[in-house]
Amino acid sequence: MPAQTVMMLRLSLFYLAVAVGIGGVLLFHKVQPLHPGVWALLPIHFETAIWGWLIQFVMGTAYWMFPRFLKGKARGPGVLAWCMITLFNTGLLLLISGYFVDGGMVNLKIMGRGFLVSSIFLFAWLIWNRVVSYRNLKH
């Protein structure tokens, strides 16, 4: 398993733990009210569960599972995969930070979403040429 996949799966499991922790606080708050500001954690719970855990887990697994190149590096330039991981997680952290700064700083959220979308485009570019039919290859 490539190191990039291992890193993405570990990060996704970290975000899963964060999402479960925040979800637990939100559920506990429904039973025993803690503070009215607890509901401000709901969008952060969604972002960490969907982007941090689910999307990152799927991207990491797909990076590993898609067919390898027959010639050259098996999965293409590894540096670009590390850039994808860095862009993705920086974008997620910027997005989450946007909920804490000034009651939801729009610029941080927009930058975070931009980084996330950029990382997804980079991911698609990395695996695009790996989607081949081996039956049509000339040997």
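Colleague: How do α2 and α3 pack, at what angle and how far apart are their axes?

Modeller: In this predicted model, α2 and α3 pack at an angle of about 175°, and their axes are 10 Å apart. That makes α2 roughly antiparallel to α3, because angles over 145 degrees count that way.

Colleague: Which residues of α2 and α3 meet there?

Modeller: From α2 you have Pro43, Ile44, Glu47, Thr48, Trp51, Gly52, Ile55, Gln56, Met59 and Tyr63. They meet Ala81, Met84, Phe88, Asn89, Leu92, Leu95, Ile96, Tyr99 and Phe100 in α3.

Colleague: And how does that contact of α2 with α3 divide into nonpolar, polar and charged?

Modeller: The contact of α2 with α3 has 14 nonpolar residues, 4 polar and 1 charged.

Colleague: What does Glu47 touch?

Modeller: Skipping residues up to four places away in sequence, Glu47 touches Gly52, Leu92, Leu95, Tyr99 and Arg113. Glu47 also turns up where α2 meets α4, in a group of α2 residues with Trp51, Met59, Ala62 and Tyr63.

Colleague: How are the axes of α2 and α4 set relative to each other?

Modeller: They come within 11 Å and cross at roughly 15°. That angle makes α2 roughly parallel to α4, as anything under 35 degrees counts as such. The crossing of α2 and α4 is left-handed.

Colleague: Now α3 and α4. What are the angle and the axis distance there?

Modeller: Helix α3, residues 78-100, packs on helix α4, residues 106-128, at about 160°, with the axes 7 Å apart. So α3 is roughly antiparallel to α4. Their crossing is left-handed.

Colleague: What classes of residue make up the contact of α3 with α4?

Modeller: There are 18 nonpolar, 7 polar and 2 charged residues in it.

Colleague: How accessible is Ile120?

Modeller: Partly exposed, because its relative accessible area is 30%, and that falls between the 20% and 50% cut-offs.

Colleague: And Phe121, buried or exposed?

Modeller: Phe121, also found in helix α4, counts as exposed because its relative accessibility is 61%.

Colleague: Switching to α3 itself: which residues of α3 are buried?

Modeller: Gly78, Ala81, Met84, Ile85, Phe88, Asn89, Gly91, Leu92, Leu94, Leu95, Ile96 and Gly98. What covers the buried residues of α3 includes α1, α2 and α4.

Colleague: What span should α3 have, and how far apart are its ends?

Modeller: At 1.5 Å a residue, the 23 residues of α3 should span 33 Å, and the end C-alpha atoms are 34 Å apart, which agrees.

Colleague: We've skipped α1. How does its span come out?

Modeller: Helix α1 has 29 residues, 3-31, and should span 42 Å at 1.5 Å a residue; its end C-alpha atoms are 42 Å apart, so that agrees.

Colleague: Which residues of α1 are buried, and what covers them?

Modeller: The buried ones are Gln4, Thr5, Met8, Leu9, Ser12, Tyr15, Ala19, Ile22, Gly23, Leu26 and His29. Their cover includes α2 and α3.

Colleague: Last bit, the whole chain. How many helices and strands does it have?

Modeller: The protein chain has 4 helices and 0 strands, in the pattern α-α-α-α along the sequence. Of its 139 residues, 35% count as buried.

Colleague: What share of the contacts joins residues at least 24 apart?

Modeller: It's 70%, taken among contacts between residues at least 6 apart in sequence.

Notes: Residues numbered from 1 in each chain as written. Predicted model: local features only at pLDDT ≥ 70, side-chain atom pairs only at ≥ 80, totals over all residues. Heavy atoms only, no water. Axes fitted to C-alpha atoms, helices over the stretch in contact; angles between N-to-C directions. Helix = DSSP H or I, 4+ residues; strand = E, 2+ residues; numbered from the N terminus. Parallel < 35°, antiparallel > 145°, perpendicular 65-115°, else oblique. Left-handed = near helix turned anticlockwise from the far one by under 90°. Nonpolar A, V, L, I, M, F, W, Y, C, P; charged D, E, K, R; others polar. Contact = heavy atoms within 4.5 Å. Expected span 1.5 Å × (residues − 1). Buried < 20%, exposed > 50% of the residue type's maximum accessible area, 1.4 Å probe, protein only.
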